[in-house]
Amino acid sequence: MFINFFTELRSASVPVSLREYLTLLEAVEKNLAGYSMEDFYYLSRACMVKDERNLDKFDRVFGSVFKGVEKLTEAFGADIPEEWLRKLAEKHLSREEMEKIKSLGGFEELMKTLAERLAEQEKRHQGGSKWIGTAGTSPFGAYGYNPEGIRIGQDKSRHRRAVKVWDKREFRNLDDTVELGTRNIKIALRRLRKFAREGAETELDLADTIKATAKQGWLDVKMVPERHNTIKVLIFFDIGGSMDDHVRVCEELFSAVKSEFKHLEFFYFHNCLYEGVWKDNRRRRDVVMPTYDVINTYPRDYKLIFVGDASMSPYEIVYPGGAVEHWNEEAGVTWMQRLLAQYEHAVWINPVPQHWWPHTQSIDMIRQIMSDRMFGLTIDGLDGAMRELNK
Amino acid sequence: MKFAGTEDYVATEDLMVAVNAAITLERPLLVKGEPGTGKTVLAIEIAKALNAPLMAWHVKSTTKAQQGLYEYDAVSRLRDSQLGDERVHNISNYINKGKMWEAFESDQRPVLLIDEIDKADIEFPNDLLLELDRMEFHVYETGETIRADNRPIVIITSNNEKELPDAFLRRCFFHYISFPDADTMADIVEVHFPGLKKNLLREALSAFYQVRDVQGLKKKPSTSELLDWIKLLLAEDIPPEALRSENKKDLIPPMYGALLKNEQDVHLFERLAFLNRSQKG
């Protein structure tokens, strides 16, 4: 049941697992969807989609998988005299009764039977199990129950809409195919923690209290400050040019880093680090912070992270005046070495896949400057980088 | 047990289906949506509609999963031992029950609200997996196992500040409260301010949706802001004409402080109004 729907969802990369699928079946078995298409849509949505970013994908799959089913309703409707179907009562049947009702066969069989019934029928009809009317158990008509039933002309719809909800695709703008993997990144970043207790004493130190109490002979409560992550991080992002290919993964990294570290400073640079860096990329021309100021402002216990593809012309690294955007008095390598001399713990995180590194000369050069502390921008690489910074 | 909205709360059909699924299948319901669209209120209204007791557990950044189960008060036990209190011999005197324990013990099937789960530490949801799945937990200090007699209806809200782990999501039903369309919004306003003058409501809503449509707002006004604003309009007895859209081209809606909560947004708005005026003049 609905296997096709399930596999379609998976192939549309909506992350559904067997567990969600079984939940849906359980819910259908408990008769939560009633027998309306819309309720089934809402129910399956609540079961299968766990993130609003996937709602639109879900709507599209639902629309394509259940297209024919909805068509059934449209095939009838117009020909049925309205007064027969006027809303009167909604009959609720017990379980046993439901099971008794056998389906009539395929679609064509239904059409044929309906045509015959229409021909036979003479007056308005309610209840019973054969005629068209309201609240009956015949597969034709409205407000009744039949597992293979067709809803005809439910004019004052209990649901207030004319357009099928899933075709409206209300969640269109929430779907960003960017699969935000910040959670994984955060988990990797967690390695970089150094807990320390400083500030106001707000927590009870149980061990110390017991010790002091035993020693004094009276209750001697000892308090300690709460534990905080005191790690301090300085990040330099390469921006623009060849980095445009990696902008998505860098954004993810950036947002994860921002929420994970309390003491965080970030700067941008282009291709290689020179005498100036900037904090706001839109105003990179006018608000530039001299790299010397960075070195003088942030103490040595900051950990240094570079994020960049290190793909450039080798001149940009080793020659004064090699920079692509401006005239640099001193070579990039000089500036890199100054920073590395100040900050003992440093890594370079490179979004370029690792097996390509040997093919680009500048990546090799940067790697040498960093004394081999270059890591890929993968979960594994981040893990390694954080271990390195923790050494 | 079926939920169909209450007289104070307009529930859309998809929300009702999700809530009823969560009630029937006894699984948690995770509710997300813009701030101010009534996520927390939902739990309160479900409790009201079903006549069930409500236990609200408001999560903060320092909240630990254990605190929802129980806490062992070692300090008062230590103090009692000093004073020679008899209570000290029974460790269960020093176990303070958390919200989940209270919910598990309830005679009647309760509604348990875990509010803003995304505020807590990233591992918080993982620490509650088993407890929410089996609705039982073990108390190490006394060696007893607490099992829910009536599986509570669990409503979890999130503001999307952190991503929740997959294992956790798989156990929940999910509903995203999308921003109500104009019709639903009129229903909601009607529930809160019955008998509001038709034309005032129309003008207010159109002004409200216009403000929401302004590009570049840091914080778009939501349902709760709209209700506050209408309350102000009524209190000040602002005539509907003052909200008319011809005026609004060069005027900021009156009492806009209730709609715009961010200084930059107010500036943006004033600038736009100024631009419009100068274009006209």
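Trainee: What is the strand order in the open sheet of five strands in chain B?
Mentor: In this predicted model, the order is 2-5-8-1-9, and the pairing is parallel.

Trainee: Which strands are the edge strands there?
Mentor: Strand 2 (54–58) and strand 9 (173–177) of chain B, each of which pairs on one side only. From one strand to the next, the twist averages 20°.

Trainee: Which helix packs on that sheet and touches strand 9?
Mentor: Helix 1 of chain B, which also touches strand 1 and strand 8. The direction of helix 1 makes about 155° with that of strand 9 of chain B.

Trainee: Which residues point which way?
Mentor: B:Ile153, B:Ile155 and B:Thr157 point one way, while B:Val154, B:Ile156 and B:Ser158 point the other way. Both sets are buried.

Trainee: How many bridges does strand 8 make with strand 1 of chain B?
Mentor: Four, in the parallel sense, with strand 1 spanning residues 29–33. In that pairing, B:Leu29 stands opposite B:Ile155.

Trainee: And how many bridges join strand 5 to strand 8?
Mentor: Four bridges join them too; strand 5 is residues 111–115 of chain B and runs parallel to strand 8. B:Leu112 has B:Val154 as its bridge partner, and B:Leu113 stands opposite B:Ile155.

Trainee: What holds paired strands to each other in general?
Mentor: Strands of a sheet pair through backbone hydrogen bonds, either parallel or antiparallel.

Trainee: Switching to chain B as a whole. How many helices and strands?
Mentor: Chain B has 13 helices and nine strands. Of its 281 residues, 49% are buried. Among contacts between residues at least 6 apart in sequence, 74% join residues at least 24 apart.

Trainee: I was looking at B:Thr223. Where is it, and is it buried or exposed?
Mentor: B:Thr223 lies in helix 11 (residues 223–236) of chain B. It counts as buried because its relative accessibility is 8%, and the cut-off for buried is under 20%.

Trainee: What does B:Thr223 touch?
Mentor: Leaving out residues up to four places away in sequence, B:Thr223 touches B:Gly36, B:Thr37, B:Phe179, B:Pro180, B:Met185 and B:Ile188.

Trainee: Now chain A. What is the order of the five strands in its open sheet?
Mentor: The order is 4-3-7-8-9, with parallel pairing. Strand 4 (263–269) and strand 9 (374–376) are the edge strands of that sheet in chain A. The twist there averages 25° from one strand to the next.

Trainee: How do strand 7 and strand 8 of chain A pair?
Mentor: Strand 7 (residues 303–307) and strand 8 (residues 346–350) pair in the parallel sense over four bridges. A:Ile305 stands opposite A:Val347 in strand 8.

Trainee: Which helix packs on that sheet?
Mentor: Helix 14 (residues 332–342) of chain A, touching strand 3 (232–238), strand 7 and strand 8. The direction of helix 14 makes about 150° with that of strand 7.

Trainee: Which residues of helix 14 are buried, and what covers them?
Mentor: The buried ones are A:Gly332, A:Val333, A:Trp335, A:Met336, A:Leu339, A:Leu340 and A:Gln342. The cover includes strand 3, strand 7 and strand 8, along with helix 12 (291–297), helix 13 (315–318) and helix 15 (361–369) of chain A.

Trainee: How do their axes cross?
Mentor: The axes come within 9 Å and cross at roughly 60°. The two helices are therefore oblique to each other, and the crossing is right-handed.

Note on methods. Residues are numbered from 1 along each chain as its sequence is written. Chains are lettered from A and ligands numbered from 1 in the order in which they are written. This is a predicted model: local features need pLDDT of at least 70, side-chain atom pairs count only at pLDDT 80 or more; totals for chains, interfaces and linings use all residues. Side-chain values use heavy atoms; hydrogens and water are left out. Two strands pair if DSSP finds at least two bridges between them. Axes are lines fitted to C-alpha atoms, for helices over the stretch in contact, and angles run from 0 to 180 degrees between N-to-C directions. Contact means heavy atoms within 4.5 Å. Angles under 35 degrees count as roughly parallel, over 145 as roughly antiparallel, 65 to 115 as roughly perpendicular and the rest as oblique. A crossing is left-handed if the near helix is turned anticlockwise from the far one by less than a right angle, and right-handed if clockwise. Buried means under 20% relative accessible area, exposed over 50%, partly exposed in between (1.4 Å probe, protein chains only).
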